[in-house]
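Subject: Structure handover

Hi,

Here is the structure I promised to pass on. Please open it first, then read my notes below.

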Amino acid sequence: HQAFRPEQDDSDFLLAGQTNLMSYAEMSDVQKLRQLFDAFNRKRDILHLLDQSLGAQGMQVFIGEESGYEVLDECSVVTAPYETDGRVVGVLGVIGPTRMAYDRVIPMVDVTARLLGAALNQGK
């Protein structure tokens, strides 16, 4: 909920690698890609989707229209929450084309979220 407060700085949301989406044929429509990048810049819709994952048990996979956001209709989103001291403190997610290699991406997101949580716990 803190991420939606207007006085928050950009440290509540880290986005990287979005230009990698341009290498997929499914994302070759410049207008759709522009809309997606605009959504990244506005970040509110993306944060709302990630916020849904905060309360979920484990991994979440949104394929195409399942996200509820038209701009993500051609994409899939794989998310996993990460914890410190048994409390969910954030969500890690990957956005890609609907034909992404789920068999590789899902375990990668899961393991990365677990490692992030473990690293945060060790830092205490």
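The buried residues of α1 are covered by elements that include α2, β2 and β3. Contact here means heavy atoms within 4.5 Å. Buried means under 20% relative accessible area, exposed over 50%, and partly exposed in between, with a 1.4 Å probe and protein chains only. Helices (H or I, at least four residues) and strands (E, at least two) are DSSP runs, numbered from the N terminus.

Two notes on the source. This is a predicted model, in which local features need pLDDT of at least 70 and side-chain atom pairs count only at pLDDT 80 or more, while totals for chains, interfaces and linings use all residues. Residues are numbered from 1 along each chain as its sequence is written, and side-chain values use heavy atoms, with hydrogens and water left out.

Overall picture

The protein has three helices and three strands. From the N terminus on, their order is α-α-β-β-β-α. Of the 124 residues, 31% are buried. Take the contacts between residues at least 6 apart in sequence: 48% of them join residues at least 24 apart.

Helix α1

Which residues of α1 are buried? They are L33, L36, A39 and F40. They sit on the same side of α1, because they cover an arc of only 115 degrees around the axis. That arc is taken from the directions from the helix axis to the C-beta atoms. V30, N41 and R42 are exposed on the other side of α1.

The length of α1 agrees with expectation: its 13 residues should span 18 Å at 1.5 Å a residue, and its end C-alpha atoms are 18 Å apart. The expected span is 1.5 Å times one less than the number of residues. Just after α1, K43 has a positive phi of about 60 degrees.

L36 lies in helix α1. L36 counts as buried, at 0% relative accessibility. Leaving out residues up to four places away in sequence, L36 touches L21, M27, V71, L72 and C75. L36 and C75 are 39 residues apart in sequence, yet their C-alpha atoms are 9.4 Å apart in space.

Helix α2

In α2, the buried residues are I46, L47, L49, L50 and S53. Their arc around the axis is only 160 degrees, so they are on the same side of α2. They pack against α1, β1 (60-63), β2 and β3 (87-97).

The cores

A nonpolar core is a set of buried Ala, Val, Leu, Ile, Met, Phe, Trp, Tyr and Cys residues joined through side-chain atoms within 4.5 Å. The largest one has 16 residues, and L36, L49, V71 and L72 have the most contacts inside it. Two or more residues each come from α1 (30-42), α2 (44-54) and β2 (75-84). The largest share, four residues, comes from α1. Another core, of eight residues, lies apart from it; V78, Y82, M100 and Y102 are among its members.

L49 and S67

Not counting residues up to four places away in sequence, L49 touches F62, S67, Y69, L72 and V77. Where is S67 found? S67 is in the loop between β1 and β2. Is S67 buried or exposed? S67 is buried, with a relative accessible area of 6%. A polar atom of the S67 side chain lies 3.2 Å from the backbone nitrogen of Y69.

Best wishes

Notes: Polar contact = N/O pair within 3.5 Å; in protein donor to acceptor, adjacent residues only side chain to side chain.
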